[in-house]
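These are my notebook entries on a single protein model. I set down what I looked up, in the order in which I looked it up.

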Amino acid sequence: MPLEGLADFLEILQFLIREPSVVGSEDSFFRVLRRELDEVGAEVSYYHGVLVAQGRRPHDLMLSAHIDRHGLLCTGPNEFQYAAFIAGNQGELTGDSVSEQMLHTIENRFQGQRVQAHLPYTGTYIGQGIITNSYICPERKNLIFEVDGLDYLQPGTPISFLDRLQFKDGYISAQLDNVISAAIIIFLFRCGFEGTALFTAQEESGRSWRYALSWFQRQRIATQRLVALDTSPYHSREAADEQLVTLRRKDASADFAPGITQELADRCDQLGLAYSYKDDYIAAQNLSRLKPYSLGRTEMGRLTAATEGSVTGTTLQIPTTEYHTATETASLASVAAVIRLLQTYLD
(Lines give C-alpha, C1' and ligand atoms only; values in the text may rest on other atoms or scores of the structure.)
Protein backbone atom coordinates (compact mmCIF):
# COMPACT_ATOMS: atom_id res chain seq x y z
CA MET A 1 0.00 0.00 0.00
CA PRO A 2 1.45 3.43 -0.94
CA LEU A 3 1.84 5.80 2.01
CA GLU A 4 -0.66 8.26 0.55
CA GLY A 5 -3.28 5.50 0.73
CA LEU A 6 -3.08 5.40 4.54
CA ALA A 7 -5.36 8.39 5.14
CA ASP A 8 -8.52 6.35 5.78
CA PHE A 9 -6.67 3.94 8.06
CA LEU A 10 -5.07 6.77 10.06
CA GLU A 11 -8.49 8.35 10.56
CA ILE A 12 -9.69 5.09 12.14
CA LEU A 13 -6.57 4.85 14.30
CA GLN A 14 -6.84 8.46 15.52
CA PHE A 15 -10.43 7.84 16.56
CA LEU A 16 -9.75 4.56 18.36
CA ILE A 17 -6.71 5.92 20.24
CA ARG A 18 -8.94 8.47 21.97
CA GLU A 19 -11.14 5.71 23.41
CA PRO A 20 -9.97 4.21 26.75
CA SER A 21 -9.25 0.47 27.00
CA VAL A 22 -7.25 -0.08 30.19
CA VAL A 23 -6.39 -3.72 30.99
CA GLY A 24 -9.41 -5.25 32.73
CA SER A 25 -11.75 -2.37 31.80
CA GLU A 26 -12.25 -2.89 28.07
CA ASP A 27 -16.07 -2.93 27.96
CA SER A 28 -16.54 0.56 26.54
CA PHE A 29 -13.92 -0.07 23.85
CA PHE A 30 -15.67 -3.29 22.84
CA ARG A 31 -18.85 -1.27 22.28
CA VAL A 32 -16.97 1.19 20.06
CA LEU A 33 -15.58 -1.69 17.99
CA ARG A 34 -19.01 -3.26 17.69
CA ARG A 35 -20.49 -0.07 16.26
CA GLU A 36 -17.69 0.15 13.69
CA LEU A 37 -18.09 -3.49 12.66
CA ASP A 38 -21.89 -3.33 12.50
CA GLU A 39 -21.56 -0.46 10.03
CA VAL A 40 -19.61 -2.61 7.55
CA GLY A 41 -22.07 -5.49 7.75
CA ALA A 42 -19.96 -7.97 9.70
CA GLU A 43 -21.72 -10.54 11.87
CA VAL A 44 -20.67 -9.56 15.39
CA SER A 45 -20.89 -11.63 18.58
CA TYR A 46 -19.75 -10.50 22.02
CA TYR A 47 -18.70 -12.99 24.67
CA HIS A 48 -16.91 -12.53 27.97
CA GLY A 49 -13.47 -11.21 27.07
CA VAL A 50 -13.76 -11.54 23.29
CA LEU A 51 -15.62 -9.80 20.46
CA VAL A 52 -15.86 -11.82 17.24
CA ALA A 53 -16.60 -10.39 13.78
CA GLN A 54 -17.18 -12.61 10.76
CA GLY A 55 -17.68 -12.13 7.06
CA ARG A 56 -19.13 -14.52 4.51
CA ARG A 57 -16.02 -16.75 4.39
CA PRO A 58 -15.18 -17.05 8.09
CA HIS A 59 -12.69 -19.90 7.74
CA ASP A 60 -10.53 -18.44 4.96
CA LEU A 61 -8.33 -16.52 7.37
CA MET A 62 -8.69 -15.75 11.05
CA LEU A 63 -7.15 -12.65 12.58
CA SER A 64 -6.84 -11.76 16.23
CA ALA A 65 -5.79 -8.66 18.14
CA HIS A 66 -5.82 -7.91 21.83
CA ILE A 67 -7.43 -4.54 22.51
CA ASP A 68 -6.32 -3.81 26.07
CA ARG A 69 -3.77 -1.08 26.69
CA HIS A 70 -1.59 -0.40 29.67
CA GLY A 71 -2.86 2.06 32.23
CA LEU A 72 -3.35 2.53 35.95
CA LEU A 73 -5.92 1.24 38.41
CA CYS A 74 -6.89 3.00 41.61
CA THR A 75 -6.38 0.34 44.31
CA GLY A 76 -6.85 2.42 47.48
CA PRO A 77 -6.93 5.97 48.86
CA ASN A 78 -4.74 7.97 46.47
CA GLU A 79 -3.03 4.67 45.50
CA PHE A 80 -2.43 3.76 41.87
CA GLN A 81 -0.88 0.62 40.38
CA TYR A 82 -0.02 -0.60 36.89
CA ALA A 83 -3.31 -2.25 35.95
CA ALA A 84 -1.84 -5.31 34.21
CA PHE A 85 0.12 -6.51 37.23
CA ILE A 86 -2.24 -5.96 40.16
CA ALA A 87 -2.29 -8.87 42.60
CA GLY A 88 -5.45 -10.37 41.11
CA ASN A 89 -3.69 -10.84 37.76
CA GLN A 90 -0.36 -12.21 38.93
CA GLY A 91 -1.52 -15.85 38.95
CA GLU A 92 -1.60 -15.68 35.12
CA LEU A 93 1.90 -14.21 34.87
CA THR A 94 4.96 -16.46 34.76
CA GLY A 95 7.72 -13.87 34.86
CA ASP A 96 8.96 -14.40 31.31
CA SER A 97 6.55 -12.31 29.27
CA VAL A 98 8.01 -9.32 27.46
CA SER A 99 5.85 -6.99 29.57
CA GLU A 100 7.18 -8.36 32.85
CA GLN A 101 10.77 -8.38 31.68
CA MET A 102 10.54 -4.72 30.63
CA LEU A 103 9.06 -3.49 33.92
CA HIS A 104 12.40 -2.22 35.25
CA THR A 105 13.19 -0.66 31.88
CA ILE A 106 10.05 1.47 31.79
CA GLU A 107 9.59 2.35 35.47
CA ASN A 108 11.03 5.87 35.09
CA ARG A 109 9.35 6.77 31.80
CA PHE A 110 6.08 8.13 33.18
CA GLN A 111 6.96 11.31 35.07
CA GLY A 112 4.95 14.21 33.69
CA GLN A 113 2.54 11.91 31.82
CA ARG A 114 -1.05 13.18 31.83
CA VAL A 115 -3.70 10.61 32.64
CA GLN A 116 -7.48 10.53 32.68
CA ALA A 117 -9.89 8.52 34.81
CA HIS A 118 -13.02 6.79 33.54
CA LEU A 119 -15.98 4.95 34.97
CA PRO A 120 -15.14 1.22 34.71
CA TYR A 121 -18.01 0.00 32.48
CA THR A 122 -19.21 3.01 30.53
CA GLY A 123 -15.83 4.65 29.92
CA THR A 124 -17.31 8.01 30.95
CA TYR A 125 -14.60 10.60 31.60
CA ILE A 126 -14.42 11.67 35.28
CA GLY A 127 -11.18 13.60 35.64
CA GLN A 128 -7.55 14.24 34.76
CA GLY A 129 -4.26 14.13 36.61
CA ILE A 130 -0.52 14.00 36.10
CA ILE A 131 2.01 11.33 37.13
CA THR A 132 4.66 12.83 39.40
CA ASN A 133 6.58 9.64 40.27
CA SER A 134 6.65 5.92 39.57
CA TYR A 135 8.63 3.11 41.16
CA ILE A 136 8.58 -0.67 41.54
CA CYS A 137 7.33 -1.97 44.88
CA PRO A 138 9.34 -5.14 45.69
CA GLU A 139 6.59 -6.54 47.93
CA ARG A 140 3.75 -6.06 45.46
CA LYS A 141 5.98 -6.72 42.43
CA ASN A 142 4.28 -3.92 40.58
CA LEU A 143 4.74 -0.37 39.39
CA ILE A 144 3.31 2.13 41.88
CA PHE A 145 2.38 5.63 40.68
CA GLU A 146 2.07 8.92 42.46
CA VAL A 147 -0.57 11.00 40.69
CA ASP A 148 -1.47 14.62 41.29
CA GLY A 149 -5.13 15.51 40.86
CA LEU A 150 -6.98 12.18 41.26
CA ASP A 151 -7.03 11.73 45.04
CA TYR A 152 -10.86 11.54 45.04
CA LEU A 153 -11.07 8.31 42.98
CA GLN A 154 -12.56 5.11 44.35
CA PRO A 155 -10.75 1.75 44.18
CA GLY A 156 -11.42 -0.05 40.92
CA THR A 157 -11.36 3.08 38.77
CA PRO A 158 -9.31 2.66 35.55
CA ILE A 159 -6.98 5.46 34.49
CA SER A 160 -5.69 5.69 30.92
CA PHE A 161 -2.77 7.64 29.53
CA LEU A 162 -3.93 10.79 27.78
CA ASP A 163 -3.14 9.73 24.24
CA ARG A 164 -3.14 11.37 20.83
CA LEU A 165 -1.58 10.19 17.58
CA GLN A 166 1.58 12.11 16.69
CA PHE A 167 3.22 12.34 13.23
CA LYS A 168 6.87 13.12 12.53
CA ASP A 169 9.19 12.38 9.60
CA GLY A 170 7.36 9.28 8.39
CA TYR A 171 6.68 7.86 11.84
CA ILE A 172 3.64 7.74 14.10
CA SER A 173 3.68 7.70 17.89
CA ALA A 174 1.08 6.92 20.55
CA GLN A 175 0.31 4.00 22.82
CA LEU A 176 0.09 1.82 19.71
CA ASP A 177 0.04 -1.57 21.45
CA ASN A 178 -2.39 -2.82 20.40
CA VAL A 179 -4.97 -0.36 19.19
CA ILE A 180 -3.10 -0.17 15.89
CA SER A 181 -3.99 -3.82 15.15
CA ALA A 182 -7.66 -3.21 15.96
CA ALA A 183 -7.60 -0.28 13.54
CA ILE A 184 -6.01 -2.45 10.84
CA ILE A 185 -8.75 -5.06 11.19
CA ILE A 186 -11.53 -2.43 11.03
CA PHE A 187 -9.87 -1.02 7.91
CA LEU A 188 -9.65 -4.49 6.33
CA PHE A 189 -13.35 -5.10 6.92
CA ARG A 190 -14.07 -1.78 5.21
CA CYS A 191 -11.96 -3.00 2.28
CA GLY A 192 -13.92 -6.25 1.97
CA PHE A 193 -12.32 -8.73 4.39
CA GLU A 194 -14.65 -11.74 4.70
CA GLY A 195 -12.82 -13.87 7.26
CA THR A 196 -13.01 -13.95 11.06
CA ALA A 197 -11.51 -11.49 13.54
CA LEU A 198 -11.21 -11.96 17.29
CA PHE A 199 -10.66 -8.94 19.55
CA THR A 200 -9.52 -10.11 22.97
CA ALA A 201 -9.28 -8.51 26.41
CA GLN A 202 -6.55 -8.62 29.06
CA GLU A 203 -3.60 -9.82 26.98
CA GLU A 204 -1.23 -7.68 29.01
CA SER A 205 -2.27 -9.55 32.16
CA GLY A 206 -1.92 -12.97 30.52
CA ARG A 207 -5.62 -13.81 30.16
CA SER A 208 -6.56 -13.12 26.55
CA TRP A 209 -5.68 -16.57 25.23
CA ARG A 210 -8.24 -18.08 27.60
CA TYR A 211 -11.02 -15.94 26.15
CA ALA A 212 -10.00 -16.84 22.60
CA LEU A 213 -9.76 -20.53 23.52
CA SER A 214 -13.23 -20.48 25.05
CA TRP A 215 -14.67 -19.16 21.77
CA PHE A 216 -12.92 -21.83 19.68
CA GLN A 217 -14.15 -24.53 22.07
CA ARG A 218 -17.68 -23.11 22.08
CA GLN A 219 -17.75 -23.20 18.27
CA ARG A 220 -15.89 -26.53 18.09
CA ILE A 221 -13.43 -25.02 15.64
CA ALA A 222 -9.88 -26.15 14.99
CA THR A 223 -7.57 -24.08 12.80
CA GLN A 224 -3.99 -23.69 11.66
CA ARG A 225 -4.70 -20.28 10.10
CA LEU A 226 -5.03 -17.86 13.00
CA VAL A 227 -2.85 -14.75 12.58
CA ALA A 228 -2.32 -12.63 15.70
CA LEU A 229 -1.58 -8.98 14.93
CA ASP A 230 0.52 -6.94 17.36
CA THR A 231 3.47 -4.61 17.75
CA SER A 232 6.98 -5.90 18.37
CA PRO A 233 9.57 -3.99 20.45
CA TYR A 234 13.12 -3.23 19.30
CA HIS A 235 15.87 -1.58 21.31
CA SER A 236 16.64 1.13 18.75
CA ARG A 237 15.16 2.84 15.72
CA GLU A 238 17.92 1.39 13.56
CA ALA A 239 17.09 -2.15 14.68
CA ALA A 240 13.37 -1.62 14.08
CA ASP A 241 13.93 -0.20 10.62
CA GLU A 242 15.90 -3.22 9.43
CA GLN A 243 12.57 -4.84 8.57
CA LEU A 244 9.10 -3.68 7.62
CA VAL A 245 7.37 -6.78 8.96
CA THR A 246 8.17 -8.96 11.96
CA LEU A 247 7.26 -12.66 11.89
CA ARG A 248 7.80 -15.45 14.43
CA ARG A 249 8.33 -19.19 14.22
CA LYS A 250 7.81 -19.74 17.96
CA ASP A 251 7.71 -18.22 21.43
CA ALA A 252 8.56 -19.56 24.89
CA SER A 253 5.36 -21.63 24.99
CA ALA A 254 5.24 -23.41 21.62
CA ASP A 255 6.27 -23.59 17.98
CA PHE A 256 3.84 -21.82 15.68
CA ALA A 257 2.13 -23.34 12.63
CA PRO A 258 4.85 -23.56 9.96
CA GLY A 259 2.40 -23.48 7.05
CA ILE A 260 0.84 -20.06 7.67
CA THR A 261 4.18 -18.66 8.88
CA GLN A 262 5.83 -19.63 5.60
CA GLU A 263 2.82 -18.40 3.64
CA LEU A 264 3.23 -14.91 5.11
CA ALA A 265 6.97 -14.99 4.39
CA ASP A 266 6.33 -16.05 0.78
CA ARG A 267 3.85 -13.22 0.30
CA CYS A 268 6.36 -10.76 1.73
CA ASP A 269 8.89 -12.02 -0.82
CA GLN A 270 6.39 -11.62 -3.64
CA LEU A 271 5.60 -8.06 -2.57
CA GLY A 272 9.23 -7.13 -1.93
CA LEU A 273 8.62 -6.47 1.78
CA ALA A 274 11.62 -6.81 4.10
CA TYR A 275 10.87 -9.11 7.04
CA SER A 276 12.65 -10.94 9.83
CA TYR A 277 11.86 -13.47 12.52
CA LYS A 278 11.72 -12.12 16.07
CA ASP A 279 12.84 -15.43 17.60
CA ASP A 280 16.00 -15.27 15.46
CA TYR A 281 16.58 -11.65 16.53
CA ILE A 282 16.26 -12.53 20.23
CA ALA A 283 18.60 -15.51 19.84
CA ALA A 284 21.21 -13.29 18.18
CA GLN A 285 20.86 -10.65 20.92
CA ASN A 286 21.29 -13.30 23.62
CA LEU A 287 24.72 -14.28 22.29
CA SER A 288 26.12 -11.08 23.81
CA ARG A 289 23.92 -10.79 26.92
CA LEU A 290 24.80 -12.03 30.40
CA LYS A 291 21.11 -12.47 31.19
CA PRO A 292 19.28 -13.84 28.13
CA TYR A 293 15.98 -12.39 27.00
CA SER A 294 13.01 -14.74 27.00
CA LEU A 295 11.28 -15.47 23.70
CA GLY A 296 8.17 -14.17 25.47
CA ARG A 297 4.83 -15.84 26.01
CA THR A 298 2.36 -14.66 23.42
CA GLU A 299 -1.34 -15.26 22.99
CA MET A 300 -0.54 -17.50 20.02
CA GLY A 301 1.95 -19.66 21.91
CA ARG A 302 -0.38 -20.16 24.85
CA LEU A 303 -3.27 -21.10 22.57
CA THR A 304 -1.08 -23.54 20.67
CA ALA A 305 0.26 -25.17 23.83
CA ALA A 306 -3.15 -25.40 25.52
CA THR A 307 -4.75 -27.10 22.50
CA GLU A 308 -1.72 -29.20 21.55
CA GLY A 309 -1.74 -27.48 18.17
CA SER A 310 -5.41 -27.87 17.25
CA VAL A 311 -5.84 -24.09 17.46
CA THR A 312 -2.71 -22.40 16.19
CA GLY A 313 -1.28 -20.11 13.57
CA THR A 314 1.36 -17.40 13.68
CA THR A 315 1.98 -13.75 14.51
CA LEU A 316 2.31 -10.72 12.26
CA GLN A 317 3.83 -7.70 13.96
CA ILE A 318 4.78 -4.08 13.36
CA PRO A 319 8.32 -3.21 14.56
CA THR A 320 8.27 -0.41 17.16
CA THR A 321 10.40 1.45 19.68
CA GLU A 322 9.42 2.99 23.06
CA TYR A 323 7.29 -0.08 23.74
CA HIS A 324 4.62 0.20 26.45
CA THR A 325 4.69 3.96 26.61
CA ALA A 326 2.43 6.68 25.24
CA THR A 327 5.12 7.41 22.64
CA GLU A 328 5.51 3.94 21.12
CA THR A 329 6.72 4.64 17.59
CA ALA A 330 6.26 2.83 14.27
CA SER A 331 7.18 3.76 10.73
CA LEU A 332 4.35 4.49 8.34
CA ALA A 333 6.21 2.28 5.86
CA SER A 334 5.83 -0.70 8.22
CA VAL A 335 2.15 0.00 8.78
CA ALA A 336 1.59 0.23 5.03
CA ALA A 337 3.52 -3.01 4.49
CA VAL A 338 1.43 -4.99 7.00
CA ILE A 339 -1.81 -3.68 5.51
CA ARG A 340 -0.63 -4.42 1.98
CA LEU A 341 0.33 -7.95 3.01
CA LEU A 342 -3.08 -8.60 4.58
CA GLN A 343 -4.89 -7.10 1.62
CA THR A 344 -3.53 -9.93 -0.54
CA TYR A 345 -6.11 -12.08 1.29
CA LEU A 346 -8.96 -9.91 0.04
CA ASP A 347 -8.55 -11.06 -3.57
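**Entry 1: salt bridges**

I began with Arg249, which forms a salt bridge with Asp280, the closest N and O atoms being 2.8 Å apart. For this term I used a side-chain nitrogen of Lys or Arg within 4 Å of a carboxyl oxygen of Asp or Glu. The pair links distant parts of the chain, 31 residues apart: Arg249 is in the loop between β14 (245-247) and α8, and Asp280 is in helix α9 (residues 278-286). Helices (H or I, at least four residues) and strands (E, at least two) are DSSP runs, numbered from the N terminus.

I note that the model is predicted: local features need pLDDT of at least 70, side-chain atom pairs count only at pLDDT 80 or more, and totals for chains, interfaces and linings use all residues. Residues are numbered from 1 along each chain as its sequence is written, and side-chain values use heavy atoms, with hydrogens and water left out.

I then looked up the accessibility of both partners. Arg249 is partly exposed, with a relative accessible area of 39%, and Asp280 is partly exposed at 41%. The classes are buried (under 20% relative accessible area), exposed (over 50%) and partly exposed (in between), with a 1.4 Å probe and protein chains only.

How many salt bridges does a search of the whole structure find? I recorded nine. One of them joins the side chains of Arg56 and Glu194 (3.0 Å, N to O). That pair spans 138 residues, from the loop between β2 (50-54) and β3 (62-66), where Arg56 lies, to the loop between α5 and β12 (196-200), where Glu194 lies. Arg56 is exposed, with a relative accessible area of 73%, whereas Glu194 is buried, at 16%.

I also looked up Arg225, which forms a salt bridge with Glu263, with 3.0 Å between the closest N and O atoms. Arg225 lies in strand β13 (residues 223-233) and Glu263 in helix α8 (residues 258-271), so the pair ties together parts that are 38 residues apart in sequence. Arg225 is partly exposed, with a relative accessible area of 27%. Salt bridges that share partners join Arg225, Glu263 and Arg267 into one network. Side chains of opposite charge can pair when their charged atoms come close.

**Entry 2: the two domains**

The chain is divided into domain 1 (6-68 + 166-344) and domain 2 (71-161); the bounds come from an automatic or database domain assignment. I found their C-alpha centres 24 Å apart. In contact (heavy atoms within 4.5 Å) are 27 residues of domain 1 and 30 residues of domain 2.

Domain 1 and domain 2 bury about 2,300 Å² between them, 51% of it on carbon and sulfur atoms. Buried area is the accessible area (1.4 Å probe) that two parts lose on being put together, summed over both. Across this interface the rule finds zero salt bridges.

Which elements give two or more residues to the side of domain 1 that touches domain 2? I noted α2 (27-39) and α6 (208-219). The most comes from α2, with three residues.

**Entry 3: backbone geometry**

Most residues other than glycine have a negative phi, and most peptide bonds are trans. I therefore looked for departures from these two patterns.

The peptide bond from Asp177 to Asn178 is cis, with omega near 0 degrees. Asn178 sits in the loop between β11 (171-174) and α5 (179-190). Is Asn178 buried or exposed? At 0% relative accessibility, Asn178 counts as buried. Leaving out residues up to four places away in sequence, Asn178 touches Ala65, His66, Asp68, Arg69, Leu229, Asp230 and Thr231.

Asn78 has a positive phi of about 50 degrees although it is not a glycine. Asn78 is in the loop between β4 (71-76) and β5 (79-82) and is partly exposed, with a relative accessible area of 40%.

Glu322, also not a glycine, has a positive phi of about 55 degrees. Glu322 is in the loop between β16 (311-320) and β17 (328-331), and its relative accessible area of 37% makes it partly exposed.
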